[in-house]
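Trainee: I am new to this structure and would like to know what stands behind the words used for it. Could we go through them together?

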Amino acid sequence: MGSATTICSDKTGTLTLNQMTVVEVLVGRKKIEPPEDGSQLYAEVSSLINEGIAQNTSGSVFASKDGGGIEVSGSPTEKAILHWRVKCGMKFDVVRSESSIMHVSPFNSMKKRGGVALRRNDSEVHIHWKGAAEIILASCTGYLDTNGCLQSIDKDVGFFKKAIENMAASSLRCVAIAYRSYEMNKVPCEEEHLAQWVLPEDELILLGIVGIKDPCRPGVKDAVKLCTDAGVKVRMVTGDNIQTAKAIAVECGILASGADPIEPIVIEGRNFRELSEKERKQVAKEISVMGRSSPSDKLLLVQALREQGEVVAVTGDGTNDAPALHEADIGLAMGIQGTEVAKESSDIIILDDNFASVVKVVRWGRSVYANIQKFIQFQLTVNVAALVINVVAAVSSGDVPLNTVQLLWVNLIMDTLGALALATEPPTDNLMRRPPVGRREPLVTNIMWRNLIIQAIYQVGILLVFNFYGKSILNLENDETEHANMVKNTLIFNGFVLCQIFNEFNARKPEEINVFSGVTKNYLFMGIVGSTFVLQIIIVEFLGKFTSTVKLDWKLWLLSLAMGLFSWPLAVVGKFIPVPETPLAKVFMKPYQRCIASRNA
């Protein structure tokens, strides 16, 4: 997640609160204000709207357990519409008892609508449709005005389209309700044929258009800005009207306010789907908002972005989102609204469905990656220094200054305590100001190579000087040879360990001058460094037989501390040395590649 370069996010429930309310209603050419005022509608119109909403729904209205009112179940959109009609005086159970359902065409994410065929108690058949306003409107030939009079829609199509655009521009989700009568003798009689019956979708009569408000989550704009500053592009992929998607994107900061983005920055799923594979690759990186998209459009977008080298994170909550979640580098399922299928197909579950939590995942992902790099830099420095010191000393004099027990203790510092200390560094704000790590970027960067080479050269140099000239430097030439060698080797061991303890601080901030910022807040780091230092004192001063060391006087302890302390100013000076942007592996490979190319030519 720390390497993510783009996040394809849902709108509803992730960028928005998923708390939907009907705030605008249009019946005929009249805007109903307030929306809950059912007295402005003719009784027949109100009855047909109630019938379509009560029967063509996956939700339900029932009395609350405490008897204090009613409760509404269903999807957020269904709940908003049912709440609206209940406030208008609809008796849910009464309306449902006045007709029986013959056949249901469930809401389809491709068609963006759902329908139901009803047989009323007077044996009349009504087919009700509800769905995306512009799609339902395209199937209508007439509309009922507030007085219940049927009007031709031909002259008023432009008015209704403009009304939908205005609602969408106000970041409202637009849902249209329509119906038509149907002859009973045309309805399939046999159950087998009835189950396969395709409900007629033409010659509909528009009953009304509702605008549903779903406010943006608090803090989502700041979260999107954080992502943008961190080099992570946020793309909104939603099934909503393109105008609604644009308005929400402006509210969230995905699109700049005042700008009028054109295709492909803002694109409909259908248009993206119809492009060739080559064209999809070309436009995928430019897309910021995709409206009226289906789950298959989201999958195509993810595939196109990954083929362009992007590291893609995708949020999803529905069963149909599973292919996109599985295809993405990082699948993020919603913990509240997400289905079990979506959760199983994902890598991470966002428990509160909040986009701000997605940003936290990016932040922590980068922190984990950075901590791994810190530990690798520290570990490589210890390994290189210990290996070179022992090999050079063994080859030149046949004696090694660091024995097996001492190396095991160094290994414990390096692998266990060092990993614990550096891996527990909390995320910092600086992590969200740097670009994401590319898919093919090396784990060991040029900056890390510079830091570890400087420290390793210093440690190898200073300790080899003491290995070869230690007796004369420490005035041990007149002592017994065995005792002099023991003192010299103990100093080398002590200095080497203290160099690693002080270098742990340098490893905390590979790119920053001030390696001490925030160190006092990391109690585990301070505890591990402190305990390592105390254990080193115990090993040198009291466990001499076990580790083949001798006690050091205060002057030699000061000398050991000075060796370790010098690594701090050395690290500061080293960070002023520029490094090439091209990874070292590529730099060293270029001459080889040129040689191969010239040989082949």
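Mentor: Gladly, and let us begin with a term: buried means under 20% relative accessible area, exposed means over 50%, and partly exposed lies in between, with a 1.4 Å probe and protein chains only. Please keep in mind that this is a predicted model, where local features need pLDDT of at least 70, side-chain atom pairs count only at pLDDT 80 or more, and totals for chains, interfaces and linings use all residues. Residues are numbered from 1 along each chain as its sequence is written, and side-chain values use heavy atoms, with hydrogens and water left out.

Trainee: Why is Asp353 called buried?

Mentor: Its relative accessible area is 2%, and the cut-off is under 20%, so Asp353 counts as buried. Asp353 sits in the loop between β18 (348–350) and α14 (355–397). Its phi is near 60°, a positive value in a residue other than glycine.

Trainee: What makes a stretch a helix or a strand?

Mentor: Both are DSSP runs, numbered from the N terminus: helices are H or I with at least four residues, and strands are E with at least two. By that rule the chain has 22 helices and 18 strands.

Trainee: Why is the chain called more spread out than a compact globule?

Mentor: The radius of gyration is taken over C-alpha atoms, and the globule rule is 2.2 Å times the number of residues to the power 0.38. For 601 residues the rule gives 25 Å, while the chain has 35 Å, well over that value, so the chain is more spread out than a compact globule. Along the principal axes, its C-alpha atoms fill a box of roughly 120 × 75 × 50 Å. Buried residues make up 50% of the 601 residues.

Trainee: Where is Met236, and why is Met236 called buried?

Mentor: Met236 belongs to strand β13 (residues 233–237). Its relative accessible area is 0%, so by the cut-off given above Met236 is buried.

Trainee: Which residues is Met236 in contact with, apart from its neighbours within four places in sequence?

Mentor: Contact means heavy atoms within 4.5 Å. The partners of Met236 include Ser9, Lys11, Leu15, Ala245 and Met290. Lys11 is 225 residues away in sequence, yet the C-alpha atoms of Met236 and Lys11 are 6.4 Å apart. For the chain, among contacts with a separation of 6 or more, 69% join residues 24 or more positions apart.

Trainee: How do you know that Leu26 is buried?

Mentor: Leu26 has 7% relative accessibility, and that is under the limit, so Leu26 counts as buried. Leu26 lies in strand β2 (residues 21–27). Beyond its neighbours within four places in sequence, its contacts include Phe159, Phe160 and Met167.

Trainee: What makes a space a cavity, and what makes it a pocket?

Mentor: On a 1 Å grid over the protein atoms alone, a cavity is a set of points where a 1.4 Å probe fits but cannot get out; a pocket is an open set with protein on both sides within 12 Å along at least five of seven lines, and lining residues have an atom within 4 Å of a point. Grid points are joined across faces, edges and corners, and a volume is the space filled by probe spheres set on the points.

Trainee: Which residues line the second largest cavity?

Mentor: Among them are Lys11, Met20, Arg173 and Asp240. By class, this lining has three nonpolar, one polar and four charged residues. Here Ala, Val, Leu, Ile, Met, Phe, Trp, Tyr, Cys and Pro count as nonpolar, Asp, Glu, Lys and Arg as charged, and the others, Gly among them, as polar.

Trainee: What is the volume of the largest pocket, and how many residues line it?

Mentor: The volume is about 1300 Å³. Its lining has 46 residues, and those nearest the centre are Ser75, Thr77, Phe107, Ser109 and Arg173. The lining divides into 12 nonpolar, 23 polar and 11 charged residues.

Trainee: Which peptide bond is cis?

Mentor: The bond from Glu33 to Pro34 is cis, with omega near -10°. Pro34 is in the loop between β3 (30–32) and α1 (43–55).
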